[in-house]
Amino acid sequence: MTALLRSPVGDARELRRVVCWDRQQVTATIATEAVSPSKPVFFATHTPLRIQRTGKDGVRSDTPGPTVDEAEVARDFLTRDPVNGALLMPVIGQSGTGKSHLVRWVKERMPESDRRHVIYLPKSGTSLKSLLTNLLADRTDGPLAALRDQVASMTSGMDRAALQQRLLNGLQEAVVAAEPTSPEMRRLAGPGRLETLLLDPYVREHMLQPDGLIARMAASQLTDGAAEAHDRPLEFTVDDLPLDLSDVRQAAAATQRMLVYLRTGDKPQQLAVALLNQALGSAVANAANLGSGRLSDALLQVRRQLAAEGREIVLLVEDFALIQGVQRELLEAVIEAGIRGGRTEYAPIRTLLAVTTGYYRNLVDTALTRAQAATPYVYDLDVQFDGSPAGLDEVEGFVGRYLNAARLGRTVLDAAGDDPDAKVPNACKDCQLRAPCHAGFGASTADPVERGEEPGYGLYPFNRPALHRAILARAPEGRPDAFNPRAVIGQVIRSVLLEHASAITEGTFPDERFTERFPTQELDLPVLPVAVSAELERLSPADAPRRAALLEFWGDAPGQVTNLDPVIHDAFGIPPLRLDDAPESTPPAKTSPSRAPGSRPARTASTTVKTSEIEDWGARQRQLPTNVARDLRRIVRTAVVQRTLWLDPLMAEPLSATLDRVWPVRSSVVSIEEAESENDPRTAQAPIRFDRTPANAEFLQGLLALARGDARGNPAAVRRLADLAEKHRPALIRRIQEETGSTDAELVPTLRVALLGAALAGRVWPGADEATLLAAALNDGAGWVCRGAELRTPAWREAWGRHRAQRPELVDRIRRAVGISRGRGDVRMIDAVRATRLLRLAAAEPWGAPAAADVPDWVRPIAATVTTWDTLVPDQFRQVESTAMAIRRAMPAGTAYRTLLARLREAFEAAVAAGLLVGELTAIEDTLDTATDWGWDALRLLHDDVADAQRATAEGTLNRAVARAAIRDRGADLPRITRLLADADEWLSYAAGRAEKDPRTADDIDHALAGIVDRWKRIGTAR
């Protein structure tokens, strides 16, 4: 043992990372079934049982019956006079409560007697061959031996597949022969009904699946212990019905109709299960060629023979439910009255019958009705787990013996002998670490008077609180208050010794696997307060979860951070905390330990109750009630709103209705893990999230205190709320921007639409300076006039008209997005920094209409006015280029506009003097008089823009020059100049034509014509 106890770290006298057991020895020694361990191990681990007598029907009355131990059960069973020669003592309890253990204990402690014929049916002997061998032991001749040999031969020569087929055939025959017991049963019993499922090849294939009931039943008949390996009883349940066939169309028509009926509801399915289970025993017996009544007759023959010998039968059955197919006949044989007509015909029989509670109550309603006279009462092992000191002493005694057996190992125990009263060695006796180990972790209390044992089996790696909590955590479902030996052995003792030994030696125990295996949240015990867990995270963040598990299990969930016995800290490699300067943790209001697991306190508006609900949420892993979650969300949401000043970026303060819409008191904004109201589909995108952690639970409790005005005692909560509001303020702003379509991503394409609209009015173009761009983008266009409209294409004019009608709303939304106003008034201030930054992105070249998917929904209608931008610009440029060429023909490069006007006037006056122009000529004279005041610089801009665009086009690059030439508004005079040149061409051409046809003398005509043509040529319009 010393080698096992040597610590891998530090001095051997230190209990640090010690594993004082061998895992292979644990596996070989500690068994969960009473029939598995050797006799020495069985008695070395035996602990006195607490057993209660109840009524014959197995139902406890309001007044509990007397509590007895196994010795009293044995005395009562072996000394009570059988009524009419038959005594039946059922031992009932849930699975794992120790029924089989009690039956074996009675067998092992039973004094030898020639008057008793003992028949022992262990759980491991479940095959028909073993069953009959045990029942008919010592019967070597006659019909009894023939029956035993027949079954032995059948089970030896039949494979599992063949037996499965025979079982199905037997089921089908029994279902056909069954008598309906109700109108509903008539739909299932008899020919052509439920039997169709058992005859259909497709359904049979489904029912013969490897892990199905039929396969498990066949295995139990052929192999000892096969039935014991499964937790499910060997009987039909709804899950065994063929309701989930992959393709029901492969079944016969009659089968399909029956399946449709079974799928109509729970009632037909429950009736089908009842009918199949009713037929099961007959099917098993027929499959084994036992035939009806043969076993019962054989056992009665045994009783008759033993009666003649003056002996009685003691029948010990470890698990009645595993004796498939012969249960009814066995019962009939053991309850048959032995005394008839005043004489003993059959030997007296005492039967100790272990059976689960539910199975026994079903038998009471059927086969055991006749057994009431032979059943004085029932011994019930479903005892409460008493959490009192005396009850915990019993638990420690039970666990201590198994821990001692694990440390010693089967070899040592077997060597000590199989005498039930032999002294069991104590592995802790000579251990050099015994003193500190028992002082720190505790030891069980054995009874040296009864057992002659050394008192004190070490509980390491448990102590009393850890044992109590671990056992309750692994209690069977629905029975949190029951002590279940099998669960304690298999799921607590073996689990920790085998699966957590490595963590102990590595210094990581108790780890996350331990807390997951032993959840304590729903136990009716105090759990570690969230304030304590949160304090541990602050004091020792690296190992806070381990420390929390240590305090909750080994420290029994104290109300403040504390250190346990130094031995415990040392053993698990968790150094004690330095608590001298650490603030004490004040536990919040704790959940009442008297509440039933899973229950809740009354829902009231009390802050104390709400604080307790948060405690349950954080410490007991329960859902946070809707009303508490709503209050917490409101506090956090309000803090963020009040912290937001709407200055970065500068924007109009949203109205309350807008805030309520985009930042509601819902989980889509503030998500709390495992709150009852976490049902908003947008919860996954919530900007503020509280996971279920001790720190968060403590903070949420602090929020409730803040809400009731307790800020002084809550400085940490005040600071964190302020930090949280500051951190998530941008999220609120982003939500508002998303609601109003004013995020950066949305404003850039919106500003692009505004710029293109301004370009339609000739106000901006690619390459314009930022001041011009910003002024144009924020101008609603109400005062804009497209002065060069005559030179625009019809499509351009139409696009501008549609854009102009919608532009005021567009610009108003842009202004409000980048500026502030009072109430619903006009914007009074613009965030020029943000607007300019976004404008640079919007004005990036090349210019073009943004994709519809990139603009907010509300912008799309006005964005549609510029969607043809890529065709508008080229078409308009061709229009501008054509205009420039026409002007150049009339006014060659280098011609000053004053020279042009002087020559036009001279030509006009000559034509008038020659009588070649007649009629109303005032308009021409007025035009020539006012033309000198026009903006003739527009011609230079026009020619320069066109020349730049033509060079860019010739170079193969389409850049801002083409767009600028197409867009630029060159004033209202350019159309006048264009019309003047066109009109001049018209009246001069007219005058020249008149001169050719004038009837005056040739000299006069030639002279006048020559003068006009000469002047026209000098203007540049001669043909």
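Which residues form one aromatic cluster?

Analyst: This is a predicted model, in which local features need pLDDT of at least 70 and side-chain atom pairs count only at pLDDT 80 or more, while totals for chains, interfaces and linings use all residues. Residues are numbered from 1 along each chain as its sequence is written, and side-chain values use heavy atoms, with hydrogens and water left out.

The cluster is formed by Trp21, Phe441, Tyr460, Phe509, Phe514, Phe518, Phe553, Trp554 and Phe572. The structure holds 21 aromatic pairs, where rings of Phe, Tyr and Trp (its six-membered ring) pair if their centres lie within 6.5 Å, with planes under 30 degrees apart counted as stacked, over 60 as edge-to-face and the rest as tilted. One of these pairs joins Tyr460 to Phe572 in a stacked arrangement, with 6.5 Å from centre to centre and 25 degrees between the planes. Because Tyr460 lies in the loop between helix H20 (448-451) and helix H21 (464-473), and Phe572 in helix H27 (residues 566-572), this pair ties together parts that are 112 residues apart in sequence; helices (H or I, at least four residues) and strands (E, at least two) are DSSP runs, numbered from the N terminus. Tyr460 is buried at a relative accessible area of 1%, and for Phe572, also buried, the value is 1%, where buried means under 20% relative accessible area, exposed over 50% and partly exposed in between (1.4 Å probe, protein chains only). Phe572 also pairs with Trp554, here edge-to-face, at 5.2 Å between centres and 70 degrees between planes. That pair links distant parts of the chain, with Trp554 in the loop between helix H26 (544-553) and H27 and Phe572 in helix H27, 18 residues apart. Trp554 is buried, as is Phe572.

As for the rest of the chain, there are 44 helices and 13 strands, and 52% of the 1023 residues count as buried. Of the contacts (heavy atoms within 4.5 Å) with a separation of 6 or more, 73% are between residues 24 or more positions apart.

On the H38 side, Trp869, Val873, Gln876, Phe877 and Val880 take part, and they meet Val962, Ala963, Ala965, Ala966 and Ile967 of H42. The residues of this contact divide into nine nonpolar, one polar and no charged.

Two single residues complete the view. Arg350, placed in strand S8 (residues 349-356), is buried with a relative accessible area of 6%, and, leaving aside neighbours within four places in sequence, its contacts include Phe77, Arg80, Glu312 and Leu315. Asn84 sits in the loop between helix H4 (70-79) and strand S3 (86-93) and counts as partly exposed at 45% relative accessibility. With neighbours within four places in sequence again left aside, Asn84 is in contact with Ala337, Gly338 and Ile339, and its C-alpha atom is separated by 8.5 Å from that of Glu336, 252 residues apart along the chain.

Notes: Ala, Val, Leu, Ile, Met, Phe, Trp, Tyr, Cys and Pro count as nonpolar, Asp, Glu, Lys and Arg as charged, and the others, Gly among them, as polar.
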